[in-house]
Structures are given as structure tokens and as C-alpha cells.
Amino acid sequence: MSEAVASPARIGWLPIGVLGLLALALGTLQSVVEPALPLLQRELGVSPAEGALIGNALLVTGAVVTPVAGKLGDRYGGKRVLVRLMAVVSAGGLMAGLAPNLPVLLLGQVLQGAMVGALPLSFILVRKHLTKGESQAAIGLVVALFTGGGMVGMLFAGPIAEGLSWQWMFALPTIAIIATTVGVARLMPHDPPVRSDDGIDWLGTVLLSGTLLAFMLGLVTVTGDGGMPPLAIGAIGVVVAALATGWVVVERRAASPMVDLRMLAKPAMWHACVLTFVVTTSSGMVLFLLPQFFAVSADGYGFGAGTTDIGLFLLPGAIAGAVSDSVGGVAARRFGPRAVVLAGTVVTASTMIALASLHTAEWQLVLAKVLTAFAAGVGTTALLAGTATAIETKDVGIATSLLVVTRVIGVALGAQVAGAILDAGAEPMTGLPTESAFATGFAVAGLVAASSLLVVRMTKKGVQA
């Protein structure tokens with residue numbers, strides 16, 4: 001029997017525990033930006049639209065890295081790729097921890113985005129070294145600790161930033177990542193690679209990366225202070241369109257494309273992608289607007305909350321989002337993805353439209369965060385579960401990767417649009433957003449969510465497929 005198909009070494013729960021601790025540290029590093037975003041904007045002297053790019057840089061990189069990491073893990077071994085990927089993440093975390101300005105912080109966030117690829121690599125290791133039943137339990141542990149890390153980051157970002165400095169929010173989780181990566185390298189046995197004649201679609205990867213980065217950088221430039229001349233906006237649009245067209249051409253001709261475009265042509269697939277994009281665009285706006293509103297001075301219409309308080313205000317929503325991931329799959333099986341999306345859309349739209357006029361108490365914003373986080377999580381998870389059961393088994397990996405990428409881009413776009421709305425509604429003298437700007441942002445988020453009702457009606461057969 002060749003090495004490629006030999007039985008891998010069986011392992012105990014200690015290596016899995018270290019793998020879970022790595023996921024905990026990664027989740028913490030990923031989540032520190034959300035409650036600290038108003039603080040980062042003040043410290044770096046940037047506008048809300050530019051501030052939105054801090055979190056989006058990580059999301060865009062993660063969207064590109066995830067499918068590539070999975071393919072490389074299958075080809076060369078999950079442990080080997082995971083350790084190297086964590087070296088990139090650690091470099092990004094240390095760079096952010098030493099960042100003196102926005103460009104260096106953004107570069108650090110771009111490198112940190114590689115962390116999104118850690119989950120599929122962890123799943124590869126779990127599947128190869130444990131039995132089926134043990135694998136399910138271990139995957140649940142890793143995902144739960146990654147989600148738990150998000151809560152840890154949200155709670156401790158404020159005390160760290162206010163007690164030390166904002167740079168330590170990135171440095172401390174990075175130190176934990178380095179330590180746990182060393183533990184994984186020492187305790188986890190090497191997993192045998194899988195032989196394959198298919199090559200990695202590097203050209204498609206580069207073109208997709210370029211398309212996403214050009215789109216996001218163009219968006220923040222167009223929506224920044226002062227805007228841009230129409231000719232410059234047109235030039236950015238041409239560059240994005242050219243890169244996207246080139247990517248489509250390459251993917252259609254590639255023997256082993258990064259993204260199988262035939263999958264997108266299936267009704268169940270592209271209908272789910274459209275709905276996921278709409279739902280996550282709305283939730284991305286909520287994700288950005290609420291911390292900004294909490295941070296507005298209490299002398300005006302806001303609450304003057306610091307980073308620590310913002311983290312506490314957002315924690316119930318983070319818990320609701322974590323619970324929704326498990327509820328969404330169950331709800332999809334019982335009621336169908338379409339019914340779940342409809343219910344979530346109604347909750348989100350009504351909540352945000354009500355928030356546009358009712359935002360005078362902290363509990364109103366906390367409740368809005370809980371409702372919208374749960375609704376968005378249930379809806380997108382239901383779409384993911386519904387799509388996975390509506391297509392052939394051999395295409396599940398491709399389909400779910402596409403939905404994950406769509407989800408990431410939707411959140412990033414929503415945050416950037418929300419930042420642009422606040423910039424457009426800023427007071428000329430102070431440069432701070434007005435209350436009406438926030439009301440407009442809340443209302444737009446509600447209307448975007450409500451547009452899902454139209455999409456569901458138009459794609460009814462596809463969603464039910």
C-alpha cells in the first residue's frame with residue numbers, strides 16, 4: 001500500500017485539545033476589531049468608511065484563502081499547510097501589534113485573513129486521525145472554541161486597549177496563536193497527502209484575489225471623504241470588470257478550476273448565493289453601525305460608550321449568532337430554507353426600521369443586535385444546509401465554499417456601505433455623523449433585508465429545490 005493511501009496515525013484528545021485552543025486564539029484575534037473600531041478610528045484619525053476597511057481587509061483575504069487552503073491541505077497534508085498558514089497569520093498579528101498607522105494595520109489585517117483557512121485544515125486533520133463518530137465530536141469542539149474565541153475577543157478588547165494600548169489587542173492573541181501552533185506541530189502527527197493529477201488553479205486564484213481587492217479598495221476610495229471624479233470612478237469600474245472577466249475566462253478553461261462555474265449555473269446554487277448576499281449585506285451594515293452609535297458622545301444623541309462597554313453591549317448578539325448556527329440547520333430540515341429565510345427577513349427588516357426611530361436607550365440597540373444576529377445566522381445557515389442537501393454529494397465542498405465566500409463579501413460590502421452613509425451624513429464642522437445619518441443607515445439596512453422577500457418570491461422554486 002502506498003503512502004498516499006496508508007492508514008494515518010490514530011491520536012488521543014490532547015492534540016485535538018491543542019487544535020481547539022488554536023481555534024480559540026484565532027477567534028479572539030478575529031473579533032477584537034468590532035468593539036474597538038470607534039477607538040481605532042479616533043487613534044488613527046480615519047473616517048468611518050476607511051475604518052470599515054480595517055475589518056474588511058481580513059474578510060476579503062479569508063474569502064480567497066479558504067478554498068485554496070483546503071486544496072493545498074488535501075494535496076500536501078493538513079498539518080503541513082496549517083503550520084505554514086499560521087506563520088502568515090502570526091506575521092500579520094505582530095505587524096498589527098506594531099502598526100503606527102492605517103496602511104501598516106491594513107497590511108497586518110490582510111495577512112491575518114489567512115486564519116479563515118485554518119478551519120477546513122483542522123477538519124482535514126480531524127477526519128484523517130479519528131473515527132467518524134469521534135470526528136463529529138472533535139469538529140464540534142473546534143467550531144465551538146472558534147466561536148468562543150470571538151466572545152473572548154469582544155469582552156477583552158476594551159480592557160486591553162484601554163489599559164495598555166490598542167496594539168496589544170492584536171499582539172496578545174498572536175502570542176497565543178504562536179504558542180498553540182508550536183503545540184500542534186509537536187503533538188499532531190503528519191497526515192499523509194492525497195495524490196492527485198489536478199493542479200492548483202493559481203491564475204484563477206490571483207485573478208479572483210485581484211477582483212475582490214480592487215472592488216473593496218475602489219469602494220472605500222469612492223465612498224471616502226470628498227468622493228472621486230466620475231472619470232476615476234469609471235476607471236475603477238473598468239479595472240474590476242476586466243479582472244472579473246479574466247477570472248471567468250480562466251475558470252471556464254481550467255482543468256481544475258478554483259471555483260466550478262457550472263455550480264453557479266444551477267438554480268438551487270445561485271438562488272442561495274443571491275439570498276445569502278442580500279441577507280449578509282444587511283447584517284454587515286448592522287455590524288458596523290451599532291458600535292459606532294454606542295460610541296457617540298452622551299452629550300448628543302449617543303451613549304459615550306468606551307471599547308469595554310461596547311464589547312459588553314455586543315456580547316448578547318454574539319451569543320445569539322453562535323446559537324443561530326446550530327438552530328439554522330434544524331430549522332431548515334423542519335420548515336425548509338425558504339420559510340426560515342422569510343421569517344428571518346421579517347424580523348431583521350422590522351427591527352432595523354423600528355430602530356431608525358427608536359434608539360434612545362442602550363437596551364433598544366442591544367435587543368436589535370440580538371434579533372438581527374440570530375435572524376441572519378439562522379437564515380444563512382439554513383441556506384447552507386438546504387443547498388448542501390439539494391446538490392450531488394461530490395459537489396458539496398464546492399457549493400459550501402461558494403456560499404461562505406458570498407457570505408464574507410456580503411458582510412464586507414454592508415460594512416462599507418454603512419461607513420459611506422455615515423461619512424455622507426457627517427456634520428461639516430466636526431466631521432462626526434449626525435443622528436439622521438444613523439437613522440438613514442438603520443432604515444437602509446432594514447430595506448436591504450426586506451428586499452430578500454422579493455428575491456425569495458422570484459427564486460421560490462430554486463430555494464425549495
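Which residues of α4 are buried? Before I answer, a word on the model. It is predicted, so local features need pLDDT of at least 70 and side-chain atom pairs count only at pLDDT 80 or more, while totals for chains, interfaces and linings use all residues. Residues are numbered from 1 along each chain as its sequence is written, and side-chain values use heavy atoms, with hydrogens and water left out.

Helices here are DSSP runs of H or I, at least four residues, numbered from the N terminus. Buried means under 20% relative accessible area, exposed over 50%, and partly exposed in between, with a 1.4 Å probe and protein chains only.

The buried residues of α4 are Gly78, Lys79, Val81, Leu82, Leu85, Met86, Val89, Ser90, Gly92, Gly93, Ala96 and Gly97. Helix α4 covers residues 78-97, and its end C-alpha atoms are 28 Å apart.

Let me turn to helix α15, residues 362-390, where Lys369 lies. Lys369 counts as buried because its relative accessibility is 10%. Neighbours within four places in sequence aside, Lys369 is in contact (heavy atoms within 4.5 Å) with Glu34, Leu287, Leu290, Leu314 and Gly317.

Gly321 is found in helix α13, residues 307-335. At 19% relative accessibility, Gly321 also counts as buried. The C-alpha atoms of Gly321 and Gly377 are separated by 5.7 Å, although these residues are 56 apart along the chain.

Finally, Leu172 has its place in helix α8, residues 167-187. With a relative accessible area of 35%, Leu172 is partly exposed.

Technical notes: Helix = DSSP H or I, 4+ residues; strand = E, 2+ residues; numbered from the N terminus. Expected span 1.5 Å × (residues − 1).
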